[in-house]
Amino acid sequence: MAISVRIPTILRTYTGGSSEVTAAGSTLTEVLDDLEANHPGIRARVLDDAGEIRRFVNVYVGNDDVRFLDGLSTPTADGAQISIIPAVAGGC
Amino acid sequence: MSTITETTVETATQHGIREGAFGNATALSCRECGATAPLGPHYACPECFGPLEVSYDFPAVTREQIAAGPRNIWRYKALLPVPSDIESSPNTEPGFTRLLRADNLGRELGIDTLWVKDDSTNPTNSFKDRVVACALSAAREFGSRVFACPSTGNLANAVAAAGARAGIKTVVFIPSNLEKPKQVNSAVYTDSLVAVDGNYDDVNRLASEIAGEEEGWAFVNVNVRPYYAEGSKTLGYEIAEQLGWRLPDQVVIPVASGSQLTKVHKAFGELIKLGLVEDKPYKVYGAQATGCSPVSTAYKAGVDAIRPVKPDTIAKSLAIGNPADGIYVLDICRQTGGAVEDVTDDEVRAGILLLARNEGIFTETAGGTTVACLKKLVETGQLDPTLETVVINTGMGLKTLDAVADQVGAAATIAPTYDAFRATGIA
Ligand SMILES: Cc1ncc(COP(=O)(O)O)c(C=O)c1O
(Lines give C-alpha, C1' and ligand atoms only; values in the text may rest on other atoms or scores of the structure.)
Protein backbone atom coordinates (compact mmCIF):
# COMPACT_ATOMS: atom_id res chain seq x y z
CA MET A 1 0.00 0.00 0.00
CA ALA A 2 1.32 3.43 -0.86
CA ILE A 3 0.99 6.86 0.67
CA SER A 4 -1.44 9.31 -0.84
CA VAL A 5 -0.51 12.97 -1.14
CA ARG A 6 -3.10 15.71 -1.68
CA ILE A 7 -1.77 18.46 -3.93
CA PRO A 8 -2.95 22.09 -3.69
CA THR A 9 -4.09 23.87 -6.85
CA ILE A 10 -0.91 25.90 -7.26
CA LEU A 11 1.26 22.77 -7.33
CA ARG A 12 -0.87 20.80 -9.77
CA THR A 13 1.23 22.00 -12.69
CA TYR A 14 3.81 19.48 -11.42
CA THR A 15 1.35 16.61 -11.18
CA GLY A 16 -0.28 17.01 -14.58
CA GLY A 17 -3.33 18.50 -12.92
CA SER A 18 -3.87 15.67 -10.43
CA SER A 19 -5.18 16.69 -7.02
CA GLU A 20 -3.96 13.48 -5.43
CA VAL A 21 -0.91 11.34 -6.22
CA THR A 22 0.71 8.33 -4.61
CA ALA A 23 4.23 8.23 -3.23
CA ALA A 24 6.49 5.97 -1.18
CA GLY A 25 8.74 6.54 1.83
CA SER A 26 8.82 5.92 5.54
CA THR A 27 9.37 9.55 6.55
CA LEU A 28 8.11 12.84 5.17
CA THR A 29 11.61 13.55 3.78
CA GLU A 30 11.57 10.26 1.85
CA VAL A 31 8.08 10.93 0.55
CA LEU A 32 9.16 14.36 -0.72
CA ASP A 33 12.21 12.77 -2.39
CA ASP A 34 9.95 10.26 -4.09
CA LEU A 35 7.54 13.00 -5.15
CA GLU A 36 10.45 14.93 -6.60
CA ALA A 37 11.61 11.88 -8.58
CA ASN A 38 8.19 11.56 -10.20
CA HIS A 39 7.23 15.23 -10.37
CA PRO A 40 10.47 17.18 -10.78
CA GLY A 41 10.44 20.68 -9.30
CA ILE A 42 7.79 20.07 -6.68
CA ARG A 43 10.14 19.72 -3.69
CA ALA A 44 11.69 23.14 -4.17
CA ARG A 45 8.23 24.66 -3.95
CA VAL A 46 7.46 22.99 -0.62
CA LEU A 47 10.90 23.42 0.94
CA ASP A 48 12.96 26.60 1.14
CA ASP A 49 16.64 26.99 0.28
CA ALA A 50 17.65 25.72 3.73
CA GLY A 51 15.63 22.56 3.16
CA GLU A 52 12.96 23.50 5.70
CA ILE A 53 9.22 23.52 5.07
CA ARG A 54 8.39 26.98 3.73
CA ARG A 55 6.85 29.36 6.21
CA PHE A 56 3.59 29.59 4.30
CA VAL A 57 3.14 25.89 3.62
CA ASN A 58 1.40 23.58 6.03
CA VAL A 59 2.01 19.85 5.68
CA TYR A 60 -0.26 17.37 7.41
CA VAL A 61 0.25 13.68 8.01
CA GLY A 62 -3.21 12.39 8.73
CA ASN A 63 -4.90 15.17 10.66
CA ASP A 64 -1.79 16.59 12.27
CA ASP A 65 0.34 19.51 11.18
CA VAL A 66 3.87 18.06 11.03
CA ARG A 67 5.06 21.05 13.04
CA PHE A 68 3.35 19.35 15.98
CA LEU A 69 4.98 16.02 15.04
CA ASP A 70 8.59 15.50 13.99
CA GLY A 71 8.65 17.93 11.06
CA LEU A 72 10.37 16.43 8.05
CA SER A 73 11.32 13.35 10.08
CA THR A 74 7.67 12.55 10.78
CA PRO A 75 7.07 8.85 10.08
CA THR A 76 4.73 8.07 7.20
CA ALA A 77 3.16 4.68 7.67
CA ASP A 78 1.79 2.67 4.76
CA GLY A 79 -1.60 4.03 3.76
CA ALA A 80 -0.95 7.41 5.35
CA GLN A 81 -2.62 10.47 3.86
CA ILE A 82 -0.43 13.56 3.43
CA SER A 83 -1.87 16.99 2.62
CA ILE A 84 0.10 19.99 1.44
CA ILE A 85 -1.89 23.17 2.04
CA PRO A 86 -0.92 26.82 1.61
CA ALA A 87 -1.18 28.66 4.94
CA VAL A 88 -4.06 31.07 4.85
CA ALA A 89 -2.85 34.41 6.05
CA GLY A 90 -5.66 36.38 7.46
CA GLY A 91 -8.90 36.49 9.24
CA CYS A 92 -11.13 34.24 11.20
CA MET B 1 -8.32 55.40 -27.02
CA SER B 2 -4.70 55.41 -25.90
CA THR B 3 -2.54 52.31 -25.97
CA ILE B 4 -2.37 52.21 -22.21
CA THR B 5 -6.13 52.10 -21.86
CA GLU B 6 -6.37 49.39 -24.51
CA THR B 7 -3.86 47.24 -22.66
CA THR B 8 -5.74 47.69 -19.40
CA VAL B 9 -9.02 46.70 -21.00
CA GLU B 10 -7.43 43.68 -22.63
CA THR B 11 -5.90 42.48 -19.36
CA ALA B 12 -9.19 42.94 -17.57
CA THR B 13 -11.20 41.03 -20.17
CA GLN B 14 -8.61 38.25 -20.36
CA HIS B 15 -9.44 37.37 -16.78
CA GLY B 16 -13.17 37.85 -17.23
CA ILE B 17 -13.22 40.80 -14.88
CA ARG B 18 -15.16 43.93 -15.77
CA GLU B 19 -13.16 47.10 -16.06
CA GLY B 20 -12.93 49.00 -12.81
CA ALA B 21 -14.18 46.01 -10.81
CA PHE B 22 -11.44 46.55 -8.27
CA GLY B 23 -11.28 50.31 -8.31
CA ASN B 24 -7.74 51.64 -8.13
CA ALA B 25 -6.25 48.22 -7.36
CA THR B 26 -3.79 47.19 -10.04
CA ALA B 27 -2.46 43.75 -9.13
CA LEU B 28 -1.77 41.27 -6.37
CA SER B 29 1.75 41.16 -5.02
CA CYS B 30 3.48 38.75 -2.67
CA ARG B 31 4.38 40.11 0.74
CA GLU B 32 7.28 37.69 0.97
CA CYS B 33 9.05 37.70 -2.39
CA GLY B 34 7.39 40.56 -4.27
CA ALA B 35 6.21 38.39 -7.19
CA THR B 36 3.03 39.76 -8.76
CA ALA B 37 -0.13 38.10 -9.98
CA PRO B 38 -3.09 39.56 -11.87
CA LEU B 39 -6.21 40.51 -9.91
CA GLY B 40 -8.17 37.27 -9.54
CA PRO B 41 -9.38 34.81 -6.90
CA HIS B 42 -5.80 34.02 -5.87
CA TYR B 43 -4.32 34.16 -2.41
CA ALA B 44 -1.04 32.29 -2.32
CA CYS B 45 2.03 33.40 -4.22
CA PRO B 46 2.65 31.11 -7.19
CA GLU B 47 6.38 31.29 -6.39
CA CYS B 48 6.74 30.92 -2.62
CA PHE B 49 3.22 30.43 -1.18
CA GLY B 50 3.52 33.80 0.60
CA PRO B 51 0.35 35.86 1.10
CA LEU B 52 -0.76 37.98 -1.85
CA GLU B 53 -1.76 41.56 -1.09
CA VAL B 54 -3.63 44.10 -3.16
CA SER B 55 -1.47 46.86 -4.63
CA TYR B 56 -2.84 50.12 -5.98
CA ASP B 57 -2.23 53.09 -8.13
CA PHE B 58 -3.92 55.67 -5.92
CA PRO B 59 -5.26 58.86 -7.42
CA ALA B 60 -5.00 62.08 -5.43
CA VAL B 61 -7.59 61.72 -2.67
CA THR B 62 -8.60 64.67 -0.49
CA ARG B 63 -10.08 64.86 2.99
CA GLU B 64 -13.02 66.74 1.49
CA GLN B 65 -13.80 63.96 -0.99
CA ILE B 66 -13.77 61.42 1.81
CA ALA B 67 -15.85 63.60 4.13
CA ALA B 68 -18.46 64.03 1.38
CA GLY B 69 -18.91 60.24 1.17
CA PRO B 70 -21.45 58.08 2.99
CA ARG B 71 -21.18 57.43 6.73
CA ASN B 72 -19.89 53.91 6.20
CA ILE B 73 -16.72 52.28 4.87
CA TRP B 74 -17.53 53.27 1.27
CA ARG B 75 -16.39 56.81 2.08
CA TYR B 76 -12.90 55.28 1.61
CA LYS B 77 -13.81 53.39 -1.57
CA ALA B 78 -11.00 55.05 -3.56
CA LEU B 79 -8.57 53.28 -1.22
CA LEU B 80 -10.26 49.87 -1.39
CA PRO B 81 -10.41 47.13 -4.07
CA VAL B 82 -14.03 47.90 -4.92
CA PRO B 83 -15.72 49.51 -7.96
CA SER B 84 -16.73 53.16 -7.89
CA ASP B 85 -20.42 52.11 -8.06
CA ILE B 86 -20.08 49.88 -4.97
CA GLU B 87 -22.93 51.65 -3.16
CA SER B 88 -25.42 50.44 -5.75
CA SER B 89 -25.00 46.78 -4.71
CA PRO B 90 -26.73 45.57 -1.56
CA ASN B 91 -24.28 45.19 1.30
CA THR B 92 -24.51 45.62 5.06
CA GLU B 93 -22.89 49.10 4.94
CA PRO B 94 -20.65 48.68 7.97
CA GLY B 95 -18.26 51.20 9.44
CA PHE B 96 -18.05 54.72 10.73
CA THR B 97 -18.48 53.33 14.21
CA ARG B 98 -18.02 55.60 17.19
CA LEU B 99 -14.68 56.68 18.58
CA LEU B 100 -15.35 57.42 22.23
CA ARG B 101 -13.26 59.44 24.62
CA ALA B 102 -12.75 57.02 27.53
CA ASP B 103 -11.91 59.30 30.45
CA ASN B 104 -13.21 56.97 33.15
CA LEU B 105 -11.22 54.00 31.93
CA GLY B 106 -8.24 56.27 31.33
CA ARG B 107 -8.40 57.48 34.95
CA GLU B 108 -8.74 53.90 36.20
CA LEU B 109 -5.68 52.76 34.23
CA GLY B 110 -3.69 55.95 34.69
CA ILE B 111 -3.72 56.90 31.00
CA ASP B 112 -4.03 60.64 30.25
CA THR B 113 -5.83 60.45 26.90
CA LEU B 114 -7.64 57.25 26.03
CA TRP B 115 -10.10 56.52 23.24
CA VAL B 116 -12.15 53.40 22.53
CA LYS B 117 -12.84 52.63 18.89
CA ASP B 118 -16.07 50.70 19.35
CA ASP B 119 -16.60 48.33 16.45
CA SER B 120 -19.23 46.35 18.31
CA THR B 121 -21.90 48.56 16.74
CA ASN B 122 -21.41 47.22 13.21
CA PRO B 123 -24.40 45.44 11.60
CA THR B 124 -23.53 42.02 13.04
CA ASN B 125 -21.64 43.49 15.98
CA SER B 126 -18.01 42.95 15.13
CA PHE B 127 -15.35 44.47 12.89
CA LYS B 128 -15.81 41.50 10.56
CA ASP B 129 -18.62 43.30 8.71
CA ARG B 130 -15.92 45.57 7.25
CA VAL B 131 -13.84 42.78 5.72
CA VAL B 132 -16.89 40.88 4.55
CA ALA B 133 -18.25 43.93 2.69
CA CYS B 134 -15.04 44.04 0.62
CA ALA B 135 -14.98 40.26 0.16
CA LEU B 136 -18.59 40.34 -1.05
CA SER B 137 -17.71 42.91 -3.66
CA ALA B 138 -14.86 40.70 -4.90
CA ALA B 139 -17.05 37.58 -4.90
CA ARG B 140 -19.63 39.42 -6.96
CA GLU B 141 -17.06 40.60 -9.49
CA PHE B 142 -15.68 37.05 -9.83
CA GLY B 143 -19.21 35.76 -10.40
CA SER B 144 -19.02 33.39 -7.40
CA ARG B 145 -22.03 31.17 -6.66
CA VAL B 146 -21.34 30.57 -2.99
CA PHE B 147 -20.09 32.90 -0.28
CA ALA B 148 -18.32 30.99 2.48
CA CYS B 149 -15.82 31.08 5.34
CA PRO B 150 -14.17 29.14 8.13
CA SER B 151 -14.76 31.17 11.25
CA THR B 152 -14.36 31.52 14.99
CA GLY B 153 -17.89 32.96 14.96
CA ASN B 154 -17.92 36.65 14.20
CA LEU B 155 -16.88 36.19 10.61
CA ALA B 156 -19.58 33.55 10.13
CA ASN B 157 -22.18 36.03 11.46
CA ALA B 158 -20.99 38.71 9.05
CA VAL B 159 -20.78 36.40 6.02
CA ALA B 160 -24.21 34.89 6.64
CA ALA B 161 -25.85 38.32 7.02
CA ALA B 162 -24.13 39.96 4.06
CA GLY B 163 -24.85 36.95 1.84
CA ALA B 164 -28.52 37.07 2.80
CA ARG B 165 -28.74 40.73 1.86
CA ALA B 166 -26.89 40.15 -1.39
CA GLY B 167 -29.04 37.14 -2.29
CA ILE B 168 -26.06 34.78 -2.62
CA LYS B 169 -25.91 31.32 -1.05
CA THR B 170 -23.76 31.20 2.08
CA VAL B 171 -22.02 28.26 3.76
CA VAL B 172 -20.18 28.94 7.01
CA PHE B 173 -17.88 26.55 8.86
CA ILE B 174 -17.24 26.85 12.61
CA PRO B 175 -15.67 24.77 15.38
CA SER B 176 -18.52 22.79 16.96
CA ASN B 177 -17.67 24.01 20.49
CA LEU B 178 -18.30 27.65 19.59
CA GLU B 179 -20.30 29.95 21.85
CA LYS B 180 -24.03 29.29 21.33
CA PRO B 181 -24.96 32.94 20.60
CA LYS B 182 -22.44 33.05 17.75
CA GLN B 183 -23.95 29.87 16.29
CA VAL B 184 -27.47 31.31 16.50
CA ASN B 185 -26.28 34.61 15.04
CA SER B 186 -25.17 32.76 11.91
CA ALA B 187 -27.95 30.21 11.68
CA VAL B 188 -30.67 32.87 11.61
CA TYR B 189 -29.24 34.14 8.30
CA THR B 190 -28.22 30.85 6.66
CA ASP B 191 -29.46 27.28 6.54
CA SER B 192 -25.90 26.11 5.86
CA LEU B 193 -24.00 26.49 9.11
CA VAL B 194 -21.54 23.58 9.31
CA ALA B 195 -20.16 22.73 12.76
CA VAL B 196 -16.84 20.88 12.54
CA ASP B 197 -15.46 18.70 15.32
CA GLY B 198 -12.10 20.35 15.75
CA ASN B 199 -10.52 23.70 16.54
CA TYR B 200 -10.37 26.72 14.24
CA ASP B 201 -7.12 25.57 12.68
CA ASP B 202 -8.83 22.31 11.67
CA VAL B 203 -11.80 24.22 10.25
CA ASN B 204 -9.45 26.53 8.36
CA ARG B 205 -7.63 23.58 6.86
CA LEU B 206 -10.89 21.99 5.74
CA ALA B 207 -11.95 25.25 4.10
CA SER B 208 -8.65 25.48 2.22
CA GLU B 209 -9.19 22.00 0.87
CA ILE B 210 -12.76 22.73 -0.18
CA ALA B 211 -11.65 26.00 -1.79
CA GLY B 212 -9.15 24.01 -3.87
CA GLU B 213 -11.83 21.63 -5.14
CA GLU B 214 -15.11 23.52 -5.52
CA GLU B 215 -15.62 25.86 -8.46
CA GLY B 216 -17.42 29.12 -7.89
CA TRP B 217 -16.96 29.27 -4.14
CA ALA B 218 -15.65 32.50 -2.65
CA PHE B 219 -14.19 31.71 0.75
CA VAL B 220 -13.88 35.22 2.10
CA ASN B 221 -10.72 34.53 4.10
CA VAL B 222 -9.20 31.94 1.79
CA ASN B 223 -9.36 32.51 -1.96
CA VAL B 224 -10.64 36.10 -1.82
CA ARG B 225 -8.57 36.92 1.25
CA PRO B 226 -6.48 39.68 -0.35
CA TYR B 227 -9.66 41.72 -0.98
CA TYR B 228 -11.23 40.78 2.35
CA ALA B 229 -8.17 41.85 4.33
CA GLU B 230 -8.22 45.33 2.79
CA GLY B 231 -11.54 45.99 4.54
CA SER B 232 -9.71 46.08 7.87
CA LYS B 233 -7.85 49.18 6.73
CA THR B 234 -11.04 51.19 7.20
CA LEU B 235 -10.69 50.81 10.97
CA GLY B 236 -7.38 52.64 10.74
CA TYR B 237 -8.73 55.30 8.36
CA GLU B 238 -11.67 56.00 10.66
CA ILE B 239 -9.52 56.38 13.75
CA ALA B 240 -7.42 59.00 11.96
CA GLU B 241 -10.39 60.83 10.46
CA GLN B 242 -12.32 60.84 13.74
CA LEU B 243 -9.31 62.23 15.58
CA GLY B 244 -9.47 65.16 13.14
CA TRP B 245 -7.13 63.71 10.52
CA ARG B 246 -4.21 62.76 12.69
CA LEU B 247 -2.73 59.53 13.99
CA PRO B 248 -2.78 58.51 17.66
CA ASP B 249 0.52 57.88 19.45
CA GLN B 250 -0.40 54.32 20.39
CA VAL B 251 -3.00 51.76 19.40
CA VAL B 252 -3.82 48.43 21.06
CA ILE B 253 -5.35 45.72 18.85
CA PRO B 254 -6.38 42.09 19.49
CA VAL B 255 -4.52 39.43 17.53
CA ALA B 256 -5.83 36.10 16.26
CA SER B 257 -4.53 35.59 12.73
CA GLY B 258 -2.94 39.03 12.97
CA SER B 259 -4.63 40.31 9.83
CA GLN B 260 -6.46 43.21 11.42
CA LEU B 261 -3.43 44.61 13.23
CA THR B 262 -1.40 44.40 10.06
CA LYS B 263 -4.04 46.30 8.10
CA VAL B 264 -4.47 49.10 10.63
CA HIS B 265 -0.74 49.69 10.27
CA LYS B 266 -1.09 49.59 6.47
CA ALA B 267 -3.91 52.14 6.69
CA PHE B 268 -1.85 54.56 8.78
CA GLY B 269 1.03 54.23 6.32
CA GLU B 270 -1.24 54.92 3.34
CA LEU B 271 -2.73 58.01 4.99
CA ILE B 272 0.77 59.37 5.53
CA LYS B 273 1.79 58.56 1.95
CA LEU B 274 -1.31 60.22 0.54
CA GLY B 275 -0.67 63.32 2.66
CA LEU B 276 -4.01 62.94 4.42
CA VAL B 277 -2.33 62.97 7.85
CA GLU B 278 0.96 64.35 9.07
CA ASP B 279 3.81 61.86 9.22
CA LYS B 280 4.61 60.95 12.82
CA PRO B 281 5.76 57.93 14.80
CA TYR B 282 3.09 55.71 16.35
CA LYS B 283 3.33 52.48 18.31
CA VAL B 284 1.28 49.38 17.60
CA TYR B 285 0.54 46.88 20.38
CA GLY B 286 -0.92 43.39 19.96
CA ALA B 287 -3.12 41.62 22.53
CA GLN B 288 -3.55 37.87 22.98
CA ALA B 289 -5.03 35.50 25.55
CA THR B 290 -2.36 33.44 27.31
CA GLY B 291 -4.19 30.22 26.37
CA CYS B 292 -3.50 31.01 22.72
CA SER B 293 -0.55 33.35 22.57
CA PRO B 294 1.90 32.12 19.93
CA VAL B 295 2.70 35.68 18.79
CA SER B 296 3.18 37.09 22.28
CA THR B 297 5.36 34.09 23.17
CA ALA B 298 7.60 34.74 20.14
CA TYR B 299 7.71 38.46 20.96
CA LYS B 300 8.80 37.81 24.53
CA ALA B 301 11.37 35.22 23.48
CA GLY B 302 12.81 37.68 20.97
CA VAL B 303 12.51 35.20 18.10
CA ASP B 304 11.12 35.62 14.58
CA ALA B 305 9.52 32.22 14.10
CA ILE B 306 6.11 31.50 15.55
CA ARG B 307 5.51 28.07 17.04
CA PRO B 308 1.92 26.96 16.53
CA VAL B 309 -0.04 26.05 19.68
CA LYS B 310 -3.25 24.17 20.50
CA PRO B 311 -5.57 26.88 21.87
CA ASP B 312 -7.16 26.69 25.30
CA THR B 313 -8.85 29.95 26.26
CA ILE B 314 -12.28 31.51 26.73
CA ALA B 315 -11.29 34.09 24.10
CA LYS B 316 -12.47 31.81 21.29
CA SER B 317 -12.53 34.53 18.66
CA LEU B 318 -8.78 34.90 19.18
CA ALA B 319 -8.11 31.17 19.29
CA ILE B 320 -5.95 30.68 16.23
CA GLY B 321 -3.01 28.47 17.14
CA ASN B 322 -1.24 28.87 13.81
CA PRO B 323 -1.58 32.56 12.87
CA ALA B 324 -0.35 33.09 9.33
CA ASP B 325 0.07 36.86 9.74
CA GLY B 326 1.76 36.45 13.12
CA ILE B 327 5.24 37.21 11.81
CA TYR B 328 4.04 40.52 10.38
CA VAL B 329 2.50 41.41 13.73
CA LEU B 330 5.88 40.77 15.34
CA ASP B 331 7.63 42.96 12.76
CA ILE B 332 5.17 45.83 13.10
CA CYS B 333 5.04 45.83 16.89
CA ARG B 334 8.84 45.70 17.10
CA GLN B 335 9.49 48.28 14.38
CA THR B 336 7.05 50.82 15.77
CA GLY B 337 8.30 50.41 19.34
CA GLY B 338 5.14 48.68 20.54
CA ALA B 339 4.85 45.20 22.06
CA VAL B 340 2.74 42.05 22.13
CA GLU B 341 1.25 41.07 25.50
CA ASP B 342 -1.01 38.29 26.75
CA VAL B 343 -3.39 37.85 29.69
CA THR B 344 -5.04 34.96 31.51
CA ASP B 345 -8.73 34.06 31.18
CA ASP B 346 -9.41 35.63 34.59
CA GLU B 347 -7.82 38.85 33.39
CA VAL B 348 -9.94 38.64 30.20
CA ARG B 349 -13.10 38.50 32.34
CA ALA B 350 -11.85 41.37 34.47
CA GLY B 351 -11.10 43.33 31.27
CA ILE B 352 -14.69 42.93 30.11
CA LEU B 353 -15.98 44.33 33.41
CA LEU B 354 -13.41 47.11 33.42
CA LEU B 355 -14.69 48.44 30.09
CA ALA B 356 -18.36 47.85 30.91
CA ARG B 357 -18.29 49.51 34.34
CA ASN B 358 -16.14 52.44 33.31
CA GLU B 359 -17.46 53.24 29.86
CA GLY B 360 -20.79 51.47 29.41
CA ILE B 361 -19.46 49.32 26.60
CA PHE B 362 -20.07 45.59 26.75
CA THR B 363 -17.31 43.87 24.84
CA GLU B 364 -16.79 40.22 24.04
CA THR B 365 -13.81 38.17 25.20
CA ALA B 366 -11.59 39.61 22.44
CA GLY B 367 -12.18 43.12 23.80
CA GLY B 368 -11.72 41.87 27.36
CA THR B 369 -8.35 40.54 26.24
CA THR B 370 -7.42 43.86 24.65
CA VAL B 371 -8.42 46.01 27.64
CA ALA B 372 -6.67 43.62 30.05
CA CYS B 373 -3.53 43.74 27.90
CA LEU B 374 -3.72 47.55 27.87
CA LYS B 375 -3.81 47.50 31.67
CA LYS B 376 -0.87 45.09 31.84
CA LEU B 377 1.12 47.12 29.30
CA VAL B 378 0.75 50.21 31.48
CA GLU B 379 1.56 48.33 34.68
CA THR B 380 4.69 46.80 33.18
CA GLY B 381 5.86 50.11 31.79
CA GLN B 382 5.65 48.98 28.16
CA LEU B 383 3.06 51.60 27.22
CA ASP B 384 3.57 55.28 28.00
CA PRO B 385 0.44 56.52 29.81
CA THR B 386 1.17 60.14 28.88
CA LEU B 387 0.76 59.42 25.16
CA GLU B 388 -2.58 59.49 23.34
CA THR B 389 -3.84 55.90 23.16
CA VAL B 390 -6.60 54.16 21.20
CA VAL B 391 -7.87 50.73 22.22
CA ILE B 392 -9.98 48.84 19.70
CA ASN B 393 -13.10 46.99 20.78
CA THR B 394 -13.70 44.53 17.95
CA GLY B 395 -16.81 42.68 19.14
CA MET B 396 -19.96 42.63 21.25
CA GLY B 397 -20.38 41.12 24.72
CA LEU B 398 -23.83 39.63 24.16
CA LYS B 399 -22.17 37.04 21.93
CA THR B 400 -20.00 35.72 24.78
CA LEU B 401 -22.36 36.15 27.74
CA ASP B 402 -21.16 32.97 29.40
CA ALA B 403 -17.72 34.45 29.98
CA VAL B 404 -19.06 36.79 32.66
CA ALA B 405 -22.50 35.35 33.46
CA ASP B 406 -21.23 33.76 36.67
CA GLN B 407 -19.40 36.87 37.81
CA VAL B 408 -22.27 39.33 37.75
CA GLY B 409 -25.87 39.28 38.85
CA ALA B 410 -28.34 40.75 41.28
CA ALA B 411 -26.66 42.43 44.24
CA ALA B 412 -29.65 41.39 46.36
CA THR B 413 -33.01 39.65 45.97
CA ILE B 414 -35.56 41.33 48.14
CA ALA B 415 -39.25 41.62 48.99
CA PRO B 416 -40.95 44.60 47.26
CA THR B 417 -40.76 46.82 50.34
CA TYR B 418 -38.80 49.94 51.15
CA ASP B 419 -37.55 48.38 54.36
CA ALA B 420 -36.16 45.38 52.51
CA PHE B 421 -34.34 47.70 50.13
CA ARG B 422 -32.96 49.78 53.02
CA ALA B 423 -31.66 46.56 54.57
CA THR B 424 -29.46 45.87 51.55
CA GLY B 425 -27.31 48.89 52.35
CA ILE B 426 -27.28 49.96 48.68
CA ALA B 427 -28.97 53.31 49.31
C1 LIG C 1 -13.92 40.09 17.88
C2 LIG C 1 -12.65 39.73 17.20
N3 LIG C 1 -11.56 40.48 17.45
C4 LIG C 1 -10.38 40.21 16.88
C5 LIG C 1 -10.22 39.15 15.99
C6 LIG C 1 -8.86 38.90 15.42
O7 LIG C 1 -8.72 39.23 14.10
P8 LIG C 1 -7.46 38.81 13.23
O9 LIG C 1 -7.65 37.37 12.84
O10 LIG C 1 -7.55 39.70 12.06
O11 LIG C 1 -6.22 38.99 14.05
C12 LIG C 1 -11.33 38.36 15.69
C13 LIG C 1 -11.21 37.22 14.75
O14 LIG C 1 -12.17 36.53 14.50
C15 LIG C 1 -12.57 38.66 16.30
O16 LIG C 1 -13.67 37.94 16.04
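Phe268(B) and Tyr282(B) are both buried, where buried means under 20% relative accessible area, exposed over 50% and partly exposed in between, using a 1.4 Å probe and protein chains only. A quick note on ground rules, everyone: this is a predicted model, with local features needing pLDDT of at least 70 and side-chain atom pairs counting only at pLDDT 80 or more, while totals for chains, interfaces and linings use all residues. Residues are numbered from 1 along each chain as its sequence is written, chains are lettered from A and ligands numbered from 1 in the order in which they are written, and side-chain values use heavy atoms, leaving out hydrogens and water.

Now, ring pairs. Rings of Phe, Tyr and Trp (its six-membered ring) pair if their centres lie within 6.5 Å; planes under 30 degrees apart are stacked, over 60 edge-to-face, and the rest tilted. That rule gives nine aromatic pairs over all chains.

Take Phe142(B) and Tyr227(B): their ring centres are 5.6 Å apart and their planes stand at 70°, so we call the pair edge-to-face. Phe142(B) is partly exposed, at 22% relative accessible area, whereas Tyr227(B) is buried, at 0%. Back to our opening residues: the rings of Phe268(B) and Tyr282(B) have centres 5.0 Å apart and planes at 90°, so that pair is edge-to-face too. Ring pairs also join Phe22(B), Phe142(B) and Tyr227(B) into a cluster.

Finally, charges over rings, which need NZ of Lys or CZ of Arg within 6 Å of the ring centre and within 35 degrees of the ring normal. Arg205(B) puts its charged end over the ring of Tyr60(A), 4.2 Å from the centre. Lys310(B) lies over the face of Phe68(A), 4.1 Å from that ring's centre.
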